[in-house]
Amino acid sequence: MSETEEKSFEEMTNTELLKLLSGPSRLNRKNAAKTLYARVSENPEKFKKQINKFIDALKRPEAQTRWLCLDILSKMVSVDANACKDAIEGAEEALFDEKTSLIRVSAIRFLCRYGASSMTRSKEVWPLIKEAIQQFHGELEFDEMLGFVIYFASGKLNADVKKDLGKVIRQNQDSVGGPTEQRFKKILSELRRQSRATSKKKGKK
């Protein structure tokens with residue numbers, strides 16, 4: 001065995017883990033992604049130059065590696081959102097994965113965090129978020145997804161995106177109850193808060 005193979009994943013360097021992430025072993029990729037996720041959670045700044053490697057890992061066939069890397073990239077948006085742009089394609093594919101709900105949730109998390117970071121980015125990913133709201137309404141993971149849409153609604157949204165998001169939520173508001181209804185109300189509340197803040201800024205000019 002090589003020195004790398006004899007180590008536990010927790011003992012490996014970041015360089016060794018990133019090498020496994022792009023390697024031929026499915027099991028090693030999953031375990032490397034899991035370990036890297038924990039490390040990125042502790043210090044995302046340390047991985048700024050490795051964002052492209054996490055984006056590349058979205059091409060792996062196994063869902064677990066992809067959803068862990070999407071969760072990593074969600075954390076990296078606050079470090080370098082521009083560098084995360086190339087993850088949108090992989091996130092879109094994951095969002096409409098018909099087999100695994102966990103990867104769909106990770107995809108919407110990434111898209112909402114990326115979109116909330118600027119008006120330009122919100123417009124870039126809004127069509128995907130909108131489609132997800134419409135397609136997954138009623139699915140088991142829908143309420144969890146809406147939690148990330150609330151975050152999106154509180155972000156730096158393009159005016160047209162804010163208007164369309166409000167329209168989509170109001171169109172479906174009468175057909176929901178329970179936790180879904182509460183999340184819909186929270187989204188609309190965030191949009192109203194943003195509108196008030198915008199009005200105040202205009203009034204000061």
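Leaving aside neighbours within four places in sequence, which residues is Phe9 in contact with?

## Phe9 and its surroundings

Phe9 touches Leu17, Leu20, Asn28, Asn31, Ala32, Thr35 and Arg39, if we set aside its neighbours within four places in sequence; contact means heavy atoms within 4.5 Å. Phe9 sits in the loop between α1 (3-6) and α2 (14-21). Helices here are DSSP runs of H or I with at least four residues, numbered from the N terminus. With 18% relative accessibility, Phe9 counts as buried (under 20% relative accessible area, with exposed meaning over 50%; 1.4 Å probe, protein chains only).

## About the model

This is a predicted model, in which local features need pLDDT of at least 70 and side-chain atom pairs count only at pLDDT 80 or more, while totals for chains, interfaces and linings use all residues. Residues are numbered from 1 along each chain as its sequence is written, and side-chain values use heavy atoms, leaving out hydrogens and water.

Now to helix α6 (residues 88-95), where Ile88, Gly90, Ala91, Ala94 and Leu95 are buried. Seen down the axis of α6, these buried residues fall within an arc of 160°, so they line one face of the helix; the arc is taken from the directions from the helix axis to the C-beta atoms. Glu89 and Glu93 are exposed on the face turned away from the buried side. The cover over the buried residues of α6 includes α5 (63-80), α7 (101-115), α8 (119-135) and α9 (142-153).

Note on methods: Helices (H or I, at least four residues) and strands (E, at least two) are DSSP runs, numbered from the N terminus.
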